[in-house]
Amino acid sequence: MSRKMHAAFVEEFGKPLVLRECDVPSPGPGQILVKTEACGVCHTDLHAARGDWPLKPTLPFIPGHEAIGLVAAIGSGVTVVKEGDRVGVPWLYSACGHCEYCLAAWETVCDKAEFGGYTKNGGFAEYILADPGYVAHVPAGLAARDAAPLICAGITTYKGLKQTEAKPGEWVAISGVGGLGHLAIQYAKVMGLRVCAVDIDEGKLAHAKRLGADLTINAAEGDPTAAVKKGTDGGAHGVRITAPSLGAFKQGVGMTRKRGTCVLVGLPPGEFPVPLFDVVASCVTIRGSFVGTRADMAEALAFAAEGKVKADIELQALSSINEIFDRLQHGDVPSRVVLEFEGTPGEKRAVPDGKRTGEVANATGAVLDGRPGPA
């Protein structure tokens, strides 16, 4: 195994990432070393690189929390994985395991949780250290490139839908049909829910219909709250806000049915006002949902392994990361970008099945040629 690797570092907030060669880390006791095969790019990575959030990463650091790869080495005391296993290194890098939240299977809100690509170096690198107790176990037959977006975007959307507490046959409104939203539609249909998709782009709404959305609403053509309430006969039982927009958050509360639940997933900077009278009088629940637990991860991956959920992916090379971040910044990524780590670290990757690099293979088997609207 080479003792050197290529990685993309954030050396200064708000500046381009720096691609450089560095030493391959060695796993200590209770750690594993994973050789990265693929790593998804998430909007959270952009927030991390810009230092957008109150708790900032320590510079320099390697972003990336959708890394899939093969266990290359194990430290002493590791028994739950073995060399050659395919695992994912997700946002939840580790937790304490014994606080009230961990004991109740809510390890994502553990006060001592560590986060991949944020408080721990992440997957924009050819090798990555991981805690074997918190890695995702990738089912056989699920390719690394297909699994990568699911260990963040997939689990986040799946958990958020569970948090709406909507029952089969009830309505969920999904605001934002981008990287998270297109997965949310698929998970919702598998869960037996009726889906109302809301976006400002007709191309994305057409894709939502192909994925099974029962109702689509263009938020740019009028008040989407009124349209959702009319189309769902009173509002959605559950609302999922995936769009990174404060305006969408406010609209989402208005789309929620009486005694329904509005789940917030996106993390745009700032605050949004809550219409207190409407929330109280309608007994609306507003709930934050933060990624998902290890049990949620296993469930989310199982749906994909069974062929019921598939992320739209665009394959790129690590050398393209700054261009990808610029596109994310300007809402020019319609799906999920996945970095592939095959061949020479700096070269462009070819998309499987003859598709060109930069095209998007979607869940319906088509190729999305344009890049419509915000992701």
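A residue is called buried when its relative accessible area is under 20%, exposed when that area is over 50%, and partly exposed in between. By this rule, buried residues account for 54% of the 375 residues in the protein chain. The model is a predicted one.

Q: Why is Asp85 called buried?
A: The relative accessible area of Asp85 is 19%. The label buried applies under 20%, so Asp85 is buried.

Q: What makes Lys82 count as exposed or buried?
A: Lys82 has 53% relative accessibility. Exposed means over 50%, so Lys82 counts as exposed.

Q: How do you know that Asp85 forms a salt bridge with Lys82?
A: The closest N and O atoms of Asp85 and Lys82 are 3.0 Å apart. The rule asks for a side-chain nitrogen of Lys or Arg within 4 Å of a carboxyl oxygen of Asp or Glu, so the pair is a salt bridge. By this rule the count comes to 16 salt bridges.

Q: Which label do Asp52 and Arg50 get, and why?
A: Asp52 has a relative accessible area of 28%, and Arg50 has 27% relative accessibility.

Q: Why is Asp45 said to have no salt bridge?
A: The nearest side chain of opposite charge is that of Arg336, 6.6 Å away. A salt bridge needs a distance within 4 Å, so Asp45, though buried, has none.

Q: What does the side chain of Asp45 reach?
A: The Asp45 side chain reaches the backbone nitrogen of Gly64 at 3.2 Å. The cut-off for a polar contact is 3.5 Å. Asp45 is located in helix 1 (residues 43–50). Beyond its neighbours within four places in sequence, Asp45 is in contact with residues including Pro63, Gly64, His65 and Phe325.

Q: What makes the salt bridge of Asp296 with Lys159 a tie between parts apart in sequence?
A: The closest N and O atoms of Asp296 and Lys159 are 3.1 Å apart. Asp296 lies in helix 10 (residues 294–305) and Lys159 in helix 4 (residues 153–164), so the pair ties together parts that are 137 residues apart in sequence. Both Asp296 and Lys159 are buried. A network of salt bridges links Lys159, Lys162, Asp296 and Glu299.

Q: Why is helix 5 called mostly covered?
A: Eight of the ten residues of helix 5 (residues 181–190) are buried. Among them are Gly181, Leu183, Ile185 and Tyr187. After helix 5 comes Gly192, with a positive phi near 80°.

Q: How do you know that the radius of gyration of the protein chain agrees with a compact globule?
A: For 375 residues, a compact globule would have a radius of gyration near 21 Å; the protein chain has 20 Å, so the value agrees. The C-alpha atoms fill a box of roughly 60 × 50 × 40 Å along the principal axes.

Q: How many helices and strands does the protein chain have?
A: The protein chain has eleven helices and 19 strands. Of the contacts between residues at least 6 apart in sequence, 68% join residues at least 24 apart.

Methods: Residues numbered from 1 in each chain as written. Predicted model: local features only at pLDDT ≥ 70, side-chain atom pairs only at ≥ 80, totals over all residues. Heavy atoms only, no water. Helix = DSSP H or I, 4+ residues; strand = E, 2+ residues; numbered from the N terminus. Buried < 20%, exposed > 50% of the residue type's maximum accessible area, 1.4 Å probe, protein only. Lys, Arg positive; Asp, Glu negative; His and termini not counted. Polar contact = N/O pair within 3.5 Å; in protein donor to acceptor, adjacent residues only side chain to side chain. Contact = heavy atoms within 4.5 Å. Rg over C-alpha atoms; globule rule 2.2 N^0.38 Å.
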